[in-house]
Amino acid sequence: MRRPRFHSLRARLTVLYAGLFSAGLLALAILAQGMIERSARQTAADALAASGSVYDRLWQERERSLVGAADILARDFGFRSAVASGDAATIVSALASLRARADAPYAVLIDMNGRVIGDAGPVSGRLAALQGDALGDRRDAVVAVGRRANRIVTAPVLAPLEIGRIVLIVPLDAQEMRGLERLSSIPLTASILIRQGPGWMDRDRTIGATTPADRVFTLSSAGEQSFAMLKPLHGMGARTEAALLLAYPMDRAMAPYRSIQIGLVAAGLVWLTLIGIGSARLARSIARPVTALDRAARRLAEGERTEVVVETADEIGRLSASFNLMSQGIVEREERIAHLAFHDVLTNLPNRAFFRQSLDQEIARAARNGEALALLYMDLDGFKVVNDALGHPVGDGLLRAVGQRLLELSDNAFVARLGGDEFVIIIGEAADHSTSRRLAHSILDVFANPVMVDGREVTAGISIGISLFPEDARTGEALVRNADLALYRAKQDGRGVYRFFEQALDQQARRRRQIEADLRSAIRTGGLELRFQPIVGTSDTSIRCFEALLRWPHPIDGYISPVDFIPVAEETGLIVPLGEWVIHEACRVAAAWPSNIRVAVNVSPLQFRAPGFQAIVLQALARSGLSPSRLEIEITESVFLDGVDTVTDILHQLRSLGVRIALDDFGTGYSSLSYLRSFPFDKLKIDRSFVINIADDPNAGAIVKAILDLASALQMETTAEGVESLEQQAELQSRGCDTLQGFLFSRPVDAKAAGELIEQCYQQGRCQAA
């Protein structure tokens, strides 16, 4: 075909200009398309990376929530006691409460024998691997069972050594993934991949093992391309069994730009008509907003809050408005996550992490300005009783009320809740300590009255420990430690008071910590011993019984007095395993003695009230073969402090086994007569404070005589402690005391020497076979 000929200049110019502007339009369209696609890719990749960062924070926040809930139950004394005694019903009930509180579908306990108590759901076959150090320093892991992934969070139960492990199980199912998708600022899809051989696999795709983790990459699946990010999930041990895949389909990423591309085609036709003017306007209307969006997307990816100016109502304007909404949503989510990370959910006060950060900042500021600070460390008196008696909702309401009152009293000072019933306040301090004193007095005065919680009056006493910067410490860690020591002294001094830190408290604390560590080692390695002191008949000094006395021969410090280590054992909970060993060892030794000689064992109030105490006694008798009538349990009046009815129930159960019960240190308490009326004891032991002066002091003699007459009327045996002279022996014999105990007859001796004393007693004819 012959080409048309253009004879006129006008036609030529028209063709020339048409060709030039068509070429310009084509070049401009290509340029605009490239800018749009590059901006869309960068925006989508940045948004996906931001969503991955949000996921990391949400995962950590969920871990802290689950670990915190599990730790609260693991530290609960009643729960530890249930675990120690194997009380499955109590354990299951506590686990049910934990599931509801932690919003976890499954919760179980694994005891030290590998027994699983509770419903483990889909991971029941994997729980055996959780014993030992399967998780290392971590508290959570993700395990795969078949093609399903499950998140597990553990908390050790210590009493004081590990006696079990709490495990929370949360299936990472479609519901969990949809929840993550809803929190994302872009329409991404989340799925769980299971490790299969060298790669990752789910029902729809397979990803190679070389795929980079926590980095955006292009994923092709079923003919569709997506921006994706792979986030491995820690498993048990070194092997990762599952990973989270976040994918943003490219067609969805490009969807907001479709209208722009259509607009470009329409604009091209207009440009051909309007020529230069339309071309220039259209170029400006497209290039500048797209470039602004690209720059804004980059700044947003770097964590900077940014927006673009919306100049038009067309597609680019709507895209700019959508970008602004996305930027605002990302910032709001990050602010919400940051708030949750640094504030207590219950009281909305700063949490422990925020407190430590603020304390360091306040110390640095005070050091620069030459100022002083005071740290008030507080906890509630009897908060556990409130929770147990009135329920956790009332306890939570009480904590919220306490936090609000502390804010009102502290006059804009920094107030934080560290966890449980512990609160702290940081304030500037005057040279004479008057600021902290006034605030402490105000707090004690307010909490001396009941607190209204949901229309109910709740008594909430409070104790306060105070440490000062720079007088007591120059670092935040030391300041907190010293305030805690002062709080401990306030508790010892009767509660409901405040105490300032003193250097002697730190020395005492170091001594207590050393005793605790050495005592744990002694219990574990068998470094404790029993000594036996005879209890003899008053008239013939025949051996009737031996009292088992615990002794600790420290390899460096020599023998440590029970006065020093027994209180530490009671504070740390070591008294329970310690007392269990004493009962077992005393029964074992006594089983070799003649059948008419008993053994007496002192029992701490904490050990007596611990669940499973009766089972420990029964087990000791069964293992040793000792007759129950030859075991004498000695208790003091302090066991009745938590209620007479509960204690008498335990005593009657022991009596039903045939075990004898003695009331030790009789006469030193305030309500001994009421206790005697509540339970018929087999023996009363007269405290040595009355025996020492019995020969010289008529008042002491009268008190002893009254006790002996009372015991005789109630048909109870009597033993006088601390007999050290013949005069004391004569006085007690004349007043009708049944048996005597003291250095006059023998000091405490080891098991071998005790056997020799028994043999001498028989050889001298003072002891007779039963």
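Student: Which residues does Phe 608 touch, not counting residues up to four places away in sequence?

Tutor: Happy to walk through it. This is a predicted model, in which local features need pLDDT of at least 70 and side-chain atom pairs count only at pLDDT 80 or more, while totals for chains, interfaces and linings use all residues. Residues are numbered from 1 along each chain as its sequence is written, and side-chain values use heavy atoms, with hydrogens and water left out.

With residues up to four places away in sequence set aside, Phe 608 touches Val 603, Phe 613, Ile 635, Val 639, Val 647, Ile 650, Leu 651 and Leu 654; contact here means heavy atoms within 4.5 Å. Phe 608 also belongs to the largest nonpolar core, which has 72 residues; together with Trp 593, Leu 631 and Phe 681, Phe 608 touches the most other members. Helix 16, residues 575-590, gives the most to this core, with 8 residues. A separate second core has 33 residues, including Ala 440, Val 451, Ala 460 and Ile 462.

A nonpolar core is a set of buried Ala, Val, Leu, Ile, Met, Phe, Trp, Tyr and Cys residues joined through side-chain atoms within 4.5 Å. Buried means under 20% relative accessible area, exposed over 50%, and partly exposed in between (1.4 Å probe, protein chains only). Helices (H or I, at least four residues) and strands (E, at least two) are DSSP runs, numbered from the N terminus. In soluble globular proteins, nonpolar side chains tend to be buried together.

Elsewhere in the model, 5 strands form an open sheet with mixed pairing, in the order 13-14-12-17-18; two strands pair if DSSP finds at least two bridges between them. Strand 13 (414-419) and strand 18 (498-500) stand at the edges with a single partner strand each, so one side of each has no neighbour in the sheet. Inside the sheet, strand 12 (residues 372-381) and strand 14 (residues 422-429) run antiparallel and are joined by 8 bridges. Within that pair, Leu 373 stands opposite Gly 428 in strand 14. Helix 9 (residues 352-369) packs on the sheet, touching strand 12, strand 13, strand 14 and strand 17 (461-469). Helix 13 (residues 476-492) packs on the sheet too, touching strand 12, strand 17 and strand 18. In the loop between strand 17 and helix 13 sits Pro 470, joined to Phe 469 by a cis peptide bond with omega about 0 degrees.

Technical notes. Axes fitted to C-alpha atoms, helices over the stretch in contact; angles between N-to-C directions.
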